[in-house]
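Subject: Structure for you to look at

Hello,

Here is the structure I promised to pass on. Please open it and keep it beside this email while you read.

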Amino acid sequence: MKAVITVIGHDTVGILHKVSGICAEKNANVMEVTQSVLQDLFAMFMLVDIRGLSCDFSELSAALTDLGKELGLSIHVMHEDIFNSMHRI
Amino acid sequence: MLNTSDILETIRMIQDECLDIRTITMGISLLDCCSEDMDALCTRVYDKITRKAEKLVAAGQQIETEYGIPIINKRISITPAAMLVGATRGGDPVKLAYALQRAAEATGVNFIGGYSALVHKGFSAGDEALIRSIPQALAETSNLCSSVNVGSTKAGINMDAVRLMGEIVRESAELTADNQCFGPAKIVVFCNAPEDNPFMAGAFHGPGEPDCEVHVGVSGPGVVRAAIEKYPDATIDELANVIKRTAFKITRMGQLVGTRASQMLGVPFGIVDLSLAPTPAVGDSVAHILEGMGLSVCGMHGTTAALALLNDAVKKGGVMASSSVGGLSGAFIPVSEDAGMIDAANAGVLSLEKLEAMTAVCSVGLDMIVIPGDTPASTISAIIADEAAIGMVNSKTTAVRVIPAIGKKEGEQLDFGGLFGTGPVMPVRRESAEKFIARGGRIPAPMQSLKN
């Protein structure tokens, strides 16, 4: 079971650190990270393994949403199945 | 790793283009609840629904969190209640309506549909009593929805039922006159009603369905409109391809949610209803898709052609994306629930006649249309008869959900709030169809019915 975390917004110092900090805290193993900064716009996609999650998925989702609000970023965490089913046959 | 542009596209669809799952609907057969005694029936019905749908709302919420996709409504559809009423030795069917309302409250669902009767060829025991109780049942409950099937391609049109339903719709409006005449917004009069429709107010769980199953109704007019806007100079066939691709993606999401819900609830997955269901929210309008294709206002000449193209492309794109397609599947055109339709009706461009023509090529019928409060029951029946004739001859589902705005006339409006929106009172022809409707009887099934 994997989930995709997307982070989009203005670039500031330590975004990756804070997001991966929450993942570590909830025992979500980071598998892949893609990150780019284009004209101040920060975009990061993180694939995490959620099989060993130490809390409910909803708790991870809430923690990341709260972090997004705090940093003024748009953070989503969604099960990877939704992307696979929509974009792959 | 997944393609980043695919990830962004999905997020944009949900965040900016109002993509959502409109409903997860659990269909529950209540045939095993039959009893000669009305009170015993009510107890059994309440028990079975609350047992089967106990986890429906929680499962919906969990899926919402997992996939990050909003699920707007959780609903229940049941065996047409007239079949249950027919098995009793009498008693007031409104008692059953109360039991259904209590079950809706206990399970936390948004709507429960199936206070229904199938009378396309005639009335059997329980049908007429249930139909006559609809106005009171809907006035005294809040989450219950009702539908009556008055015609089919195989059976023709039951004109006695058509006459009765004109009276019922009017009476329902009168009983709820102090509440924006909301009663008739929960009544659908069908021809060729589908037995597995997850959308309200017309959802019921047909007698040919399994004991319990879950259906999913998807939405996404905003996504289709955004896709079309990227191709301002495309030819019509290119446009059809764009719509097909978009419908495919929307439907795959519906299939995923349905499959997951079925696993979580331990009941079979029924169907995905591939519908484009608008809401009054900005950017979630079917009329705006048609306008995006190049019409200045929905309702002008060309609207029927544009809608036919849209409806066909949605089905073609969606059908490959799902293991099982059913329900109404197509574009909905409910006037009060669609910001673009409301504007077009207010501008006087969208008329009842044009809407009727549009229903010949899309998935449902005259939907959420507010008509003047002094419209006689016979005229409402005549509107129903016209719509049923289109459905019967074209072997498709058609329906009528009109709301007589008691005490109001053209230029005024009813405000239902929420997903039901705001409906301007639309003009209806004043000439009388009284004699035609009073005849009763049945319109024989057309030649199309003789397929065997």
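Is the crossing in which helix 8 of chain B passes helix 9 of chain B left-handed or right-handed? It is right-handed. Before going further, please note that this is a predicted model.

**The helix pair in chain B**

Find helix 8 at residues 221-229 of chain B. Helix 8 and helix 9 of chain B pack at an angle of about 145°. Their axes lie 9 Å apart. From helix 8 of chain B, the contact uses B:Val223, B:Val224, B:Ala227 and B:Ile228. Helix 9 of chain B brings B:Leu239, B:Val242, B:Ile243, B:Thr246 and B:Ile250. By class, the residues of this contact are 8 nonpolar and 1 polar, with no charged ones.

**The rest of chain B**

Chain B has 15 helices and 13 strands. Its C-alpha trace spans about 65 × 55 × 50 Å along the principal axes. The radius of gyration of chain B is 21 Å. A compact globule of 452 residues would have a value near 22 Å, so chain B agrees with that.

Two spots in the backbone of chain B deserve a look. One is the peptide bond between B:Met200 and B:Ala201, which is cis, with omega at about 10°. To find B:Ala201, go to the loop between strand 6 (187-191) and strand 7 (212-218) of chain B. The other spot is B:Cys18. Its phi is positive, about 60°, although B:Cys18 is not a glycine. B:Cys18 sits in the loop between helix 1 and strand 1 (21-28) of chain B.

**Chain A**

Now turn to chain A. Its secondary structure comes to 3 helices and 4 strands. Read from the N terminus, the order is β-α-β-β-α-β-α. The radius of gyration of chain A is 13 Å, close to the 12 Å that the globule rule gives for 89 residues, so chain A is as compact as a globular protein of that length. Along its principal axes, the C-alpha trace of chain A spans about 35 × 35 × 20 Å.

How confident is the predictor here? Chain A averages a pLDDT of 91, and 100% of its residues score at least 70. Among the elements of chain A, helix 1 has the highest mean pLDDT, 94. Helix 3 (residues 80-87) of chain A has the lowest, 89.

**The helix pair in chain A**

At what angle do helix 1 (residues 15-25) and helix 2 (residues 57-71) of chain A pack? The angle is about 160°, and the axes are 10 Å apart. Helix 1 and helix 2 of chain A are therefore roughly antiparallel to each other. Their crossing is right-handed. Helix 1 of chain A makes the contact with A:Ile15, A:Lys18, A:Val19 and A:Ile22. Helix 2 of chain A answers with A:Ala63, A:Leu64, A:Leu67 and A:Leu71. This contact has 7 nonpolar residues, 1 charged and no polar.

**Where the chains meet**

How many residues of chain B are in contact with chain A? There are 18, and they touch 19 residues of chain A. On the chain B side, the elements that give two or more residues are helix 1 (4-15), helix 3 (56-67) and helix 9 (236-265).

Best wishes

Technical notes: Residues are numbered from 1 along each chain as its sequence is written. Chains are lettered from A and ligands numbered from 1 in the order in which they are written. This is a predicted model: local features need pLDDT of at least 70, side-chain atom pairs count only at pLDDT 80 or more; totals for chains, interfaces and linings use all residues. Axes are lines fitted to C-alpha atoms, for helices over the stretch in contact, and angles run from 0 to 180 degrees between N-to-C directions. Angles under 35 degrees count as roughly parallel, over 145 as roughly antiparallel, 65 to 115 as roughly perpendicular and the rest as oblique. A crossing is left-handed if the near helix is turned anticlockwise from the far one by less than a right angle, and right-handed if clockwise. Two residues are in contact if their C-beta atoms, placed from the backbone, lie within 7 Å. Ala, Val, Leu, Ile, Met, Phe, Trp, Tyr, Cys and Pro count as nonpolar, Asp, Glu, Lys and Arg as charged, and the others, Gly among them, as polar. pLDDT is the predictor's confidence in each residue, from 0 to 100. The radius of gyration is taken over C-alpha atoms; the globule rule is 2.2 Å times the number of residues to the power 0.38.
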